[in-house]
Amino acid sequence: MENGHHDRREVKRARYAVAAVFTVHGAVTGSFATRVPWIQEHAGLGAGQLGLALAFTAFGASCSMPLAGRISHRFGSRTALRGLIAMWTLSLVLPSLAPNLYTLCLAMFVYGASAGMSDVAMNALGVEVERLLDKSIMSGLHGMWSAGALIGSAAGTLAAHLGSDARLHFALAAVTLTVLGVLAAGWVLDLQPAEDEEPPPRFALPPRSALLIGAVGFCAVFAEGASLDWSAVFLRDRMDSSAGLAAATTTGFMLTMAVARISGDAVVNRFGTVRTVRAGGVLAAFGGLLIVLAGSPAVAMTGFALMGLGIAVVVPLCFAAAGHAGPNPSQAIAGVATITYTSGLVAPSLIGGVAQATSLVVSFGVVTALTCGLVVFAGVLRAGDRSTRAEVSRPAAAVPGPRT
């Protein structure tokens with residue numbers, strides 16, 4: 001594969017375009033999350049059946065992620081992202097149309113598959129733009145995803161408050177987000193394969209480097225999933241807080257994560273990837289300790305806010321490290337994404353199981369222990385640290401999604 005020459009203006013434009021795609025991607029997730037109760041009632045499902053259906057999201061994502069690199073190779077990065085982001089936004093409609101458990105499982109599989117492929121494609125392009133700019137941007141891109149999720153969640157909350165049918169809500173959201181996503185994807189870098197380049201395999205086990213990087217991401221996403229799903233319950237059951245205060249804890253956690261991600265690139269550029277993740281691990285562990293020892297709602301809420309601040313930039317930096325490590329970044333990014341998706345799926349149920357056997361305090365003791373892993377194993381992300389990369393450019397074949 002031959003290196004393409006991109007002027008500074010083109011690269012900056014591509015950065016804003018990828019950021020817009022991240023925002024659209026997050027808005028789909030935020031829109032869906034607010035209408036899960038409607039979907040459950042429409043399909044006539046119990047809590048266990050709903051949990052089974054939602055598990056198909058991660059299953060679909062895990063199965064599809066390795067295909068993203070091959071699709072980019074076949075069609076070029078720009079066309080591939082256009083198609084994949086449109087598939088993702090339009091798939092939002094499917095869960096609302098499912099009348100029973102079986103159709104909902106199928107809908108969630110397609111929803112998860114399109115989420116996973118578009119996720120890998122946009123992260124691969126983000127890593128390439130970061131390489132060309134020679135400064136950290138991945139935290140900010142994921143911050144835009146969080147902002148998009150908040151926007152989608154706000155719109156969905158309003159739709160639910162007005163009692164609108166989720167089929168109509170999702171149809172309008174899907175059309176709007178598809179237009180925005182396809183337009184934004186039209187301005188990303190158009191990376192094309194060399195004539196003699198072999199396409200990546202359809203399915204392949206992630207390289208060893210991705211497993212190590214993914215383990216760091218697992219710790220962060222586990223803490224994120226546990227906090228998102230159980231922070232309100234913790235405040236209600238342990239602190240005897242009102243429903244409003246409990247909900248505000250979750251909202252505060254989401255806001256601190258979004259703010260930290262949007263501003264995180266400046267910290268990474270100043271201190272480097274490894275030191276940033278280690279400092280974040282210390283902050284998250286301290287927050288976890290406050291949660292475990294909390295004697296009042298204010299202390300617990302502070303703990304969850306610190307947890308959000310500490311783990312916010314870890315996953316973006318894991319994707320960046322995967323993209324800069326080894327001869328096949330797209331495969332590594334897919335491997336890291338699969339591990340983090342699995343962590344997000346496992347965390348809520350495992351926290352619930354530990355809490356039922358012991359208590360929520362013990363559950364968040366486990367979370368706190370995992371955040372300590374960020375301090376210990378942050379060094380495996382050194383490949384994503386600009387200060388430790390080789391001065392010469394890597395061969396073009398190492399770029400996720402081929403280059404012109």
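Accessible areas in this entry come from the Shrake-Rupley method with a 1.4 Å probe. On that basis I looked up the surface of the chain in this predicted model: the chain exposes about 16,700 Å², and carbon and sulfur atoms supply 66% of that area.

**Entry 1. Overall make-up**

I recorded 16 helices and zero strands in the chain. The chain has 404 residues, of which 53% count as buried. I then turned to contacts between residues at least 6 apart in sequence, and found that 86% of them join residues at least 24 apart.

**Entry 2. Confidence**

I noted an average pLDDT of 85 for the chain, with 88% of the residues scoring at least 70. Among the elements, helix 9 (residues 166–185) has the highest mean pLDDT, 97, and helix 15 (residues 329–357) has the lowest, 78. Over residues 389–404 the pLDDT is below 50, yet this stretch has 57 contacts in the model beyond near neighbours in sequence.

**Entry 3. Ser-118**

I located Ser-118 in helix 7 (residues 101–133). Is Ser-118 buried or exposed? Its relative accessibility is 0%, which is under the 20% cut-off, so Ser-118 counts as buried. I next asked which side chain joins that of Ser-118 in a polar contact of 3.1 Å. The partner is His-25. Leaving aside neighbours within four places in sequence, I listed the residues in contact with Ser-118 as His-25, Leu-81, Leu-84, Ile-85 and Trp-88.

**Entry 4. Aromatic pairs**

I recorded a count of eight aromatic pairs. For the pair of Phe-32 and Tyr-111, the ring centres are 4.9 Å apart and the planes stand at 40°. Phe-32 lies in helix 1 (residues 8–34) and Tyr-111 in helix 7, so the pair ties together parts that are 79 residues apart in sequence. I checked the accessibility of both partners: Phe-32 is buried at 9% relative accessible area, and Tyr-111 counts as buried at 4%. I also noted that Phe-32, Trp-88 and Tyr-111 form one aromatic cluster.

**Entry 5. Charges over rings**

I looked up two places where an arginine sits over a phenylalanine ring. The charged end of Arg-74 is over the ring of Phe-75, at 4.9 Å from the ring centre. The charged end of Arg-270 is over the ring of Phe-271, with 4.9 Å to the centre of that ring.

**Entry 6. Positive phi values**

I examined two aspartates with positive phi. Asp-134 has a phi near 60°, although this residue is not a glycine. I placed Asp-134 in the loop between helix 7 and helix 8 (138–161). Its relative accessibility is 45%, so Asp-134 counts as partly exposed. For Asp-240, likewise not a glycine, I recorded a phi of about 55°. Where does Asp-240 lie? I found Asp-240 in the loop between helix 10 (208–238) and helix 11 (243–271). With a relative accessible area of 68%, Asp-240 is over the 50% cut-off and is therefore exposed.

How values were computed
Residues numbered from 1 in each chain as written. Predicted model: local features only at pLDDT ≥ 70, side-chain atom pairs only at ≥ 80, totals over all residues. Heavy atoms only, no water. pLDDT = per-residue confidence, 0-100. Helix = DSSP H or I, 4+ residues; strand = E, 2+ residues; numbered from the N terminus. Contact = heavy atoms within 4.5 Å. Buried < 20%, exposed > 50% of the residue type's maximum accessible area, 1.4 Å probe, protein only. Polar contact = N/O pair within 3.5 Å; in protein donor to acceptor, adjacent residues only side chain to side chain. Phe/Tyr/Trp six-rings, centres within 6.5 Å; stacked < 30°, edge-to-face > 60°. Lys NZ or Arg CZ within 6 Å of the ring centre and 35° of its normal.
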